[in-house]
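The following exercises are to be worked through in order. Please study the sequence and the structure before reading each solution.

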Amino acid sequence: MEHITTNLGYPILSTLIFLPIAGAVLLLFIRRSNATLIKWTSLIVSVITFILSIPLFTHFDKSTYTMQFVEKHAWIPSWDVMYYVGLDGISVLFVLLSTLVTILCVLISWDAIREKIKEFYIAILIMEGAMIGVFCALDFMLFYLFWEAMLIPMYLLIGVWGGPNRIYAAVKFFLFTLVGSVLMLVGIIVLYFYAGKTFNILELMSMTYPYTMQVWLFWAFFAAFAVKVPMFPMHTWLPDAHTEAPTAGSVILAAVLIKMGAYGFLRFSLPLFPEASKAMTPAMLVLSVIAIVYGAVICLMQTDLKRLIAYSSVSHMGFVTLGIFALNTQGVEGGILQMINHGIITGALFLSIGIIYERTHTRKIADYGGVATVMPVYAAAFMVFTLASIGLPATNGFIGEFLIILGGFAARQWAGVLAATGIIIGAGYMLWLYQRVFFMEVNPKVAELSDMNGREFLALIPMIILIFWIGVYPTPFLGFMHETVSHLLERVNTGSGMEIKVAEQIIESIK
Amino acid sequence: MNYYLLIPFLPLTAFLINILFGKKYLQERAHWVSILAVAGSWVVAVATLLEVLKGKTVNENLYTWVLSGSFEVSIGFLIDQLTTVMLIVVTTCSTLIHIYSVGYMHGDKGYYRFFAYLSLFTFCMLMLVMANNFLQLYFGWEGVGLCSYFLIGYYFNKKSASDAGKKAFIVNRFGDFGFGLGIIVIFLTFGTIYYEPVFTQIGGVAAQTISFLGYEVNLATLIALLLLCGAIGKSAQMPLHVWLPDAMEGPTPVSALIHAATMVTAGVFLLARCSPIFSLSEPAMVVAALIGAITSIFAATIALVQNDIKRIIAYSTLSQLGYMFLACGVGAYTAGIFHLYTHAFFKALLFLCAGSVMHAMAGELDLQKMGGLKKYMPVTYATMFIASLSISGVPGLAGFFSKDEILWLAYAGPSPVGKFVWAIGTIVAFLTAFYSFRLIFLTFHGEFRGTHEQEHHLHESPKSMTIPLMLLTVGAVASGWVGIPNLLGEVIGIEHSNWFSGFMNPVLGHPEAHGTHAEEWMLMGISVLAGLTGIGFAAVLYLVKKDIPVTLAQKFSMIYKVLWNKYYVDELYSYTIVRPTLWISKNILMGITDARIIELIVNGVPRAIGGVSQHLRKVQTGLLQHYAAIMATGALIIGAWILLR
């Protein structure tokens, strides 16, 4: 068992998980007609949750890989299920991202959601609690509970407040993820019995499993995580879900939900099945590279704003899985950072699309043109997100992608080289999109649009700040990861002895 | 804090002020912020030059930028002789062009935005040349590319302008693809990407080979060629030259600053900065020399027949950049940088003069609609005439010294392709003089061929534009005097007259040259003769026998058509790269793989699990309870099986 440290005097993680849920319960008692109060309550709850999560950033001990802010209570003793939560360098940033993104989602839905307002905000807040729960859980049963609980509000967000084809998209989303999850559940149960009936994740991680079992379980977990990421070829639910979801749904989906797949690989697949993970590396790298190139090329011909960004997510998440399965420091750290980055950038892109969709009610790229002339401030913000998305230096996207390509190249040269082509195509589709929407002659359909209002601007500002902060000075963010990642890689690479030191490795190959 | 930090950060401050407050508060006064900042940078750059002249150099880190495992890189600054030359070139040109823009951009509704971008560009360019490591170089590199994108597409309501900006960015990404991989290989080889340790260790690994994608290649050659990719993109060399002519869609001051004097020379700067790497790889050097030579003649021939005043100068820039590549490729880095430095003055001047002409002609670019402008715009005429003399290599002017040094070192140096590239360079010298004076004669001499309205409007540009022209003329004439060949210096009684070469020696080394004085005199004579003949031909064809060009174009209509269409390179790329990619995206990936194959397989998995496929439709009820029930049942069955087996 790992040594456990406690950083604060109060149970911060439980507060973060249950405060939004309590907020949702509170909303139940507000009268349906009082929309203003409902919105303000949700906003205040989400802001308080965010403020309460800040100590995670300031009080996290970066010098250790052990779990922090830990809480552990017996829950179902007969099955040895515990309420066991904690954070380490891999998960801490995602909790912060979740609390931030929820505020922005509330802000962006302010005027956009006009029906079933109460239920909408209840779903958002429950979603927040479940997401934080997923990242904090250290007990497999608890993890699985949050993991599945998350599906329901998301399913409702798409199915109730979505676009014209929402039912199809919602069912597709639900079925895809459910099938994957069930296989993971099987894996969890197998582990439970093999390890002597414990769901304690840290305990399970300290054991070694026979190779064949590792391979089977690796693929069982893979089913759940790969669908969530989504990895090629399990990605087809994502464009549908993104396109039909309301803005807030798309933002949560892009910023947090699809990160859980990659998070799962890091939290479970690598430490639980190190030998299998290493053996499966080539397959994982191939799938990642296909996702990068395939996702990017398919973006070129999209005619729907949200679909384009959805496919670009497939490409960018390909970078993330590439980094993770490079299994070296730069790759994994780059991968984790890129998960945060992608959450910020793509979250911001969906927020932006929501802002203009609210005015035009069309997602067709051809319906736009010359928006920079009528909405200059909005155009400037969108430009920042575009640049971050194509990995321009001084934005966060560059740091993540560079580290990933570096790690990928060190692991397998072809992987790094092919991944780098994704950056060329990325510039192609994003700049083309920007040109068609913002440049050229003003399309009469958008000629009368008003620029962003204060609320919308407020929703984008945190993203812009984070993009440049991480791009110019990423040390505070990368600093969270160093100890945890090196510990993780030590475990993965124990079989072959030492952590792969990329520089030495290549010098040897030079001879 | 060190004073040199002001050089890049003053323009950055100006950018932030203008972009945040320009629209609301500064408006027509936006230029003050930018001009004061860049002039301040110039002052500090001159102070830095004085320090470096005393022998002081700087190599310091500001703060750690990226740290991950053994990968560590800082924002850091290296100021040596090479950096200083670039600082002077960048801040001088930038300051003058900022001032010129006050007149040129007067009344434009994006006035503040224009100056904001110019300042941002200056910041990025200065970060590029002052970097002490490859990643910061890459930062500046992409940063200047971004500003180029913004400024080419400055008139973004025009489709052609926004197309051109996008094209410039994407074509450059192709080059940066190689550049980025080069940085990665450097890190994996040396464990660091700071210049200093890399350049000191490169000698030790030069003979080593590395397996790259299954091929055994020499390590130095691999690194050099990957870096060369970036240089080719940024300096618009073949085959990535296609973006630069289109970049003329931007306002003319932008063409002068970014697409002539500074940004496009970043590739040459990269070759010079990495000379310790390139010098170890003969194949990479030969490739650089050949690409430079081919680009220079390729662009010069296209320039012969074009009628767009800015595009002619753009092709001329391509051609001169080819010269610089050629110089670096034969190991004459000093000569390459020397030409970069003189070229910055006379080429910026040419562009600004063209801008002045456009200003008078209300935006007209077609040479055939000009003529006889010299009596209306004497200052523009005189300065552009001198700039053209300089680029043609007329003795005594800046272009002569740098061009002559390149040609001599190509001929006399150790490069296996030296004589070949010298021959091409000499032909190009002739072509350059010819098309430069074709432009002069068609624009300023003869009768005015435009409309009456245009003729009525003709006027000399305001002082804010003509004064920078005159100052740049001083550069176009005198900037070469710091590098008078020793051969000539002896004649006029100055010892070690090639002071520039001596100054750069600590960074770029001394180029090898084996030849007699007689040979050197002879080559100098040939290149001068080539230039003068070119001017003479242009005078005959466009001043005396004006019917000849038309007859020639008709007689050799095939060649004329190929040149007019720029050798059809754009069309080639469109049909081999752009269209096939889009076709695959639409018809294969979207139409077949995603919509049919994957949907079929993936939807088939739940079918297989569910057992009977017809039931699936019933399962898709959209009712959550059903899914939950299925999930629970499945889990129960599996759990039971494990428990009971």
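**Exercise 1.** In which helix of chain A does Ile290(A) lie?

*Solution.* The model is a predicted one, in which local features need pLDDT of at least 70, side-chain atom pairs count only at pLDDT 80 or more, and totals for chains, interfaces and linings use all residues. Residues are numbered from 1 along each chain as its sequence is written, chains are lettered from A and ligands numbered from 1 in the order in which they are written, and side-chain values use heavy atoms, with hydrogens and water left out.

Step 1. Helices are DSSP runs of H or I with at least four residues, strands are runs of E with at least two, and both are numbered from the N terminus.
Step 2. Ile290(A) belongs to helix α12 of chain A.
Step 3. Ile290(A), Val286(A), Trp414(A), Leu418(A), Leu213(B) and Tyr215(B) make a nonpolar surface patch of about 530 Å². Patch residues have over 30% relative accessible area (Shrake-Rupley method, 1.4 Å probe, only the protein chains shown counting as cover) and no salt bridge; nonpolar side chains (Val, Leu, Ile, Met, Phe, Trp, Tyr) are joined within 5 Å, like charges within 9 Å.
Step 4. Helices α12 (274–299) and α18 of chain A each give at least two residues to this patch.

**Exercise 2.** Describe the interface of chain A and chain B.

*Solution.*
Step 1. With contact taken as heavy atoms within 4.5 Å, chain A contributes 81 residues and chain B 68 residues.
Step 2. The buried area, which is the accessible area (1.4 Å probe) lost on putting two parts together, summed over both, is about 6,600 Å², and carbon and sulfur atoms give 76% of it.
Step 3. On the side of chain A that touches chain B, helix α18 (residues 413–438) of chain A gives the most, with 15 residues.
Step 4. Between the two chains the count of salt bridges (a side-chain nitrogen of Lys or Arg within 4 Å of a carboxyl oxygen of Asp or Glu) is zero.

**Exercise 3.** Which helices hold Arg307(A) and Asp240(A)?

*Solution.*
Step 1. The side chains of Arg307(A) and Asp240(A) form a salt bridge at 3.4 Å, N to O.
Step 2. Arg307(A) is in helix α13 (residues 305–326) and Asp240(A) in helix α9 (residues 237–244) of chain A, so the pair links distant parts of the chain, 67 residues apart.

**Exercise 4.** Locate the cis peptide bond that ends at Pro230(A).

*Solution.*
Step 1. Most peptide bonds are trans.
Step 2. The bond from Val229(A) to Pro230(A) is cis, with omega near -10 degrees.
Step 3. Pro230(A) is found in the loop between α8 (211–228) and α9 of chain A.
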